[in-house]
Amino acid sequence: MSAATTRSRTPDRLCAEAVDLARGAAEEAAAPGVVGEHAGLVSEGDRVVTHFFECKELGYRGWRWAVTVARASRAKIVTLDEVVLLPGPDALLAPEWVPWSERLRPGDLGPGDLLPTDQDDLRLEPGYTGEDEPLPSAAVSEKMAELAEAEDAEVTPGTPAVQPTTPFRGSIAAVAEELGMRRARVLSRYGLHVAADRWEESYGPKTAMAQAAPATCVSCGFLTPIGGSLGQAFGVCANEFSPADGRVVSLAYGCGGHSEAAVMPRPPQPAPPVIDETRVDPFPLRPARDSGSVPETGDEETAELGHS
């Protein structure tokens, strides 16, 4: 251990007394009226002292002007080293900067916004491989290049990736385009797991709705299956009265709108009338005189009552 490191950390007397020098340097560096009272000092080393002054600048609560002064060995003159604005123990600090990719939340993307993905995004992987490898008979293949060099022929420089975008017939890109699968990147296994965990958190078996449901979505008639490997565990709800309508739901999810939870019986329908068209039922134009409930009376009986 050197002698310099074993010396006392007691501030140098001349440097500690150079408060006016430090204040003048702080006022020269800062705006007028923002340098406050002297707030102490600290020894930075042999004949090196830092003076602190309160900062009255709006928005810098708890910050201090730090002015470092020094003195050469056996010298009587104190010189200025640097002036900086530093936060104090109780200073108001801005939150730690977070990249935009980590600040982004679902629903932040609006119309016209573009969300770039990293070239090495772990959620994606190549949709098909081998596109950069030319066919054995291609003009840019290694074998054809050797033959062309031997015969002094001209070969188009570069790989098919830098050639015209239209894939030539027989290439992997052309076959993928015909099959409707020409996507440069697709979901990787990590991307599939991240999506599955996110969907299960919103519409999975551990939600309160699924815990109170009479049955799961796997037996619901409103469940629309999806393709791919995720179709083994998820589907799309097509019940307009369900809280998950139009959402990707887990097969273990459920709600009160299950198609078989409470099936209402059909209302009874009256039997159709039976009409016998093989016989004729006579209907009299006038009812019979003796068909009523009141007996028929003669003229002699009604005459006694004063009826004509």
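This is a predicted model: local features need pLDDT of at least 70, side-chain atom pairs count only at pLDDT 80 or more; totals for chains, interfaces and linings use all residues.
A residue is called buried when its relative accessible area is under 20%, exposed when that area is over 50%, and partly exposed in between.

Together with Leu 104, Leu 109 and Leu 115, Trp 100 makes a nonpolar surface patch of about 370 Å². Thr 50, by contrast, belongs to strand β2 (residues 48–55), and Thr 50 counts as buried because its relative accessibility is 3%.

The side chain of Thr 50 makes a polar contact of 2.9 Å with the side chain of Thr 68. When neighbours within four places in sequence are left aside, the residues in contact with Thr 50 include Gly 40, Val 42, Ala 66 and Val 67, as well as Thr 68.

In soluble globular proteins, nonpolar side chains tend to be buried together. The largest nonpolar core in this model has 17 residues, of which Val 35, Phe 53, Trp 65, Val 67 and Val 69 touch the most other members. Two or more residues of this core come from each of α2 (19–29), β2 and β3 (63–71), and β3 gives the largest share, four residues. Apart from this core lies another, of eight residues, among them Tyr 203, Leu 223, Val 249 and Tyr 253.

Key: Residues are numbered from 1 along each chain as its sequence is written. Side-chain values use heavy atoms; hydrogens and water are left out. Patches are made of residues with over 30% relative accessible area and no salt bridge: like charges are joined within 9 Å, nonpolar side chains (Val, Leu, Ile, Met, Phe, Trp, Tyr) within 5 Å. Accessible areas come from the Shrake-Rupley method with a 1.4 Å probe; for residues, only the protein chains shown count as cover. A salt bridge is a side-chain nitrogen of Lys or Arg within 4 Å of a carboxyl oxygen of Asp or Glu. Buried means under 20% relative accessible area, exposed over 50%, partly exposed in between (1.4 Å probe, protein chains only). A polar contact is a pair of N or O atoms within 3.5 Å; within protein, one must be able to donate a hydrogen and the other to accept it, and residues adjacent in sequence count only if both atoms are side-chain atoms. Contact means heavy atoms within 4.5 Å. A nonpolar core is a set of buried Ala, Val, Leu, Ile, Met, Phe, Trp, Tyr and Cys residues joined through side-chain atoms within 4.5 Å.
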